[in-house]
Amino acid sequence: MQGLHLVGVRHSYDSTKVLDTISLTVPAGELVCLLGPSGCGKTTLLRIAAGMERLQAGRVTIDERAVAEPGLQLPPEDRQVGYMFQDYALFPHLTVFENVAFGLFRQDKAVARKRAMAMLEQVGMTSHADKHPHMLSGGQQQRVALARVLAPEPRVVLLDEPFSGLDSNMRARIREQTLSVLKHTNVATLMVTHDTEEAMFMADRIKVMGENGRILQSGSPEDIYYKPVDEYVARLFGPINVIDGVVSGGALESSFGSIAAAGMEDGAPVRILMRPEGLILANGDGETGGALVDVVSAHLLGDNSLVRIRLRSGVHKGVEFEARIVGAFDPTEKRKIRARVDPRHVFRYPRN
């Protein structure tokens, strides 16, 4: 299979294990994202794939050609890999054109110039070819860095937190442009990030890495978000409401009503996790089901509001939860509020 393959990769710094038997495949034309907190080994794995960190155990192949294994360590320049650093690493003394053409030194000058200009056109930067990096905005520098990475026509592209230095508005626009360019080139791309929204937007598949240096879950963005394998993965995507209890009749009784706990034995301790968007608020007048709540606070966060509620009655009376609703929420309105649970955002795990 064309693309990047890492098999059984292990790595330690002195006595500290950073990567513990990591295996993954990035096919040509696909973008795979390594998602996890800072310090979990994501960048180390990227550097091993690029040849910037020496492989200690395992195997790395690109297009079925071994580039690192016991007794073999090809240097980065012989791997056909493009690496985009977090700070872009543009050469300040070179123009935009010269930065993009830098990796084309083995080609005829006329061919290299044509290729460099074609890449600048692809990222919309031809009008800035004679400028120096300090004259560009952060988004423009990011596009130049991408053009430089892709100019030598690599088989694999490695992205290390590529949008972390951009403001939120620019980040959304630049990552969409970047994804379009990468898909157009049909290159295998491995990206690392701790930004869950970025991973969901960019990736064909997500690999969630834990602090133990292992891949905890792999799947499509939908699988990772709606079917997290454990509490750790679920919590990566933001605040979580928690209810602890005991299974009875295949369910957990809560102030919100009965919450199914299929597959768990009666008497088993269970932990129920609910995303804030999994709590639905409605005018309680004339409504049944769910739980009556008091509104503690409400904060508008742009296109949605984070609402803190307190249960009025039931087994969890007085407990506070967070709900996320679309649009503005006015807590001053004098009305009964009911909260019910959306089962799509409810996760059940055995409780130790």
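Where is the place of His316?

Modeller: His316 sits in the loop between strand E18 (304-311) and strand E19 (320-326). Those labels come from DSSP runs counted from the N terminus, with helices (H or I) of at least four residues and strands (E) of at least two. Before going on, bear in mind that this is a predicted model, where local features need pLDDT of at least 70, side-chain atom pairs count only at pLDDT 80 or more, and totals for chains, interfaces and linings use all residues. Residues are numbered from 1 along each chain as its sequence is written, and side-chain values use heavy atoms, leaving out hydrogens and water.

Although it belongs to a loop, His316 counts as buried, at 14% relative accessibility. (Buried is under 20% relative accessible area, exposed is over 50% and partly exposed is in between, with a 1.4 Å probe and protein chains only.) Leaving aside residues up to four places away in sequence, His316 touches Ile243, Asp244, Glu253, Ser254, Ser255 and Leu311. A contact here is heavy atoms within 4.5 Å. Leu311 falls in strand E18, which runs 304-311.

Now step back to the whole chain. The protein chain has eight helices and 21 strands, and its C-alpha trace spans about 75 × 45 × 35 Å along the principal axes. Of its 352 residues, 48% count as buried. If you take contacts between residues at least 6 apart in sequence, 65% of them join residues at least 24 apart.

Gly219 is another buried spot, with a relative accessible area of 10%, and its place is in strand E11 (residues 215-219). Not counting residues up to four places away in sequence, Gly219 touches Arg205, Ile206 and Ile224. Gly219 and Ala203 are 16 residues apart in sequence, with 9.9 Å between their C-alpha atoms. Ala101 counts as buried at 16% relative accessibility, and from Ala101 to Ala116, 15 residues apart in sequence, the C-alpha to C-alpha distance is 5.3 Å.

Next, look at the pair of helices H4 (residues 138-150) and H5 (residues 168-185), whose axes come within 10 Å and cross at roughly 15°. (Axes are lines fitted to C-alpha atoms, for helices over the stretch in contact, and angles run from 0 to 180 degrees between N-to-C directions.) H4 and H5 are therefore roughly parallel to each other, a label for angles under 35 degrees. On the H4 side, Gly138, Gly139, Gln142, Arg143, Leu146 and Leu150 meet Met170, Ile174, Gln177, Thr178, Val181, Leu182 and Thr185 in H5. The residues of this H4 and H5 contact divide into six nonpolar, six polar and one charged.

Then there are the rings. The model has five aromatic pairs, where rings of Phe, Tyr and Trp (its six-membered ring) pair if their centres lie within 6.5 Å, and planes under 30 degrees apart count as stacked, over 60 as edge-to-face and the rest as tilted. Tyr83 and Phe85 make a tilted pair, 4.6 Å centre to centre with 40° between the planes. Tyr83 is buried at 12% relative accessible area, whereas Phe85 is partly exposed at 30%. In Tyr225 and Tyr226 the ring centres are 5.1 Å apart and the planes stand at 90°, so that pair is edge-to-face. Tyr225 is buried, with a relative accessible area of 14%, while Tyr226 counts as partly exposed at 37%. Ring pairs also bring in Phe237, linking it with Tyr225 and Tyr226 into a cluster.

Last, a bit of backbone. Most residues other than glycine have a negative phi. Asp63 is not a glycine, yet its phi is positive, about 55°; you'll find Asp63 in the loop between strand E4 (57-62) and strand E5 (65-69). Gln80 also has a positive phi, near 55°, and is likewise a residue other than glycine. Gln80 lies in the loop between strand E6 (72-73) and strand E7 (81-84), and at 44% relative accessibility it counts as partly exposed. Coming back to your histidine, His316 is a loop residue too, but a buried one.

Definitions and conventions: Parallel < 35°, antiparallel > 145°, perpendicular 65-115°, else oblique. Nonpolar A, V, L, I, M, F, W, Y, C, P; charged D, E, K, R; others polar.
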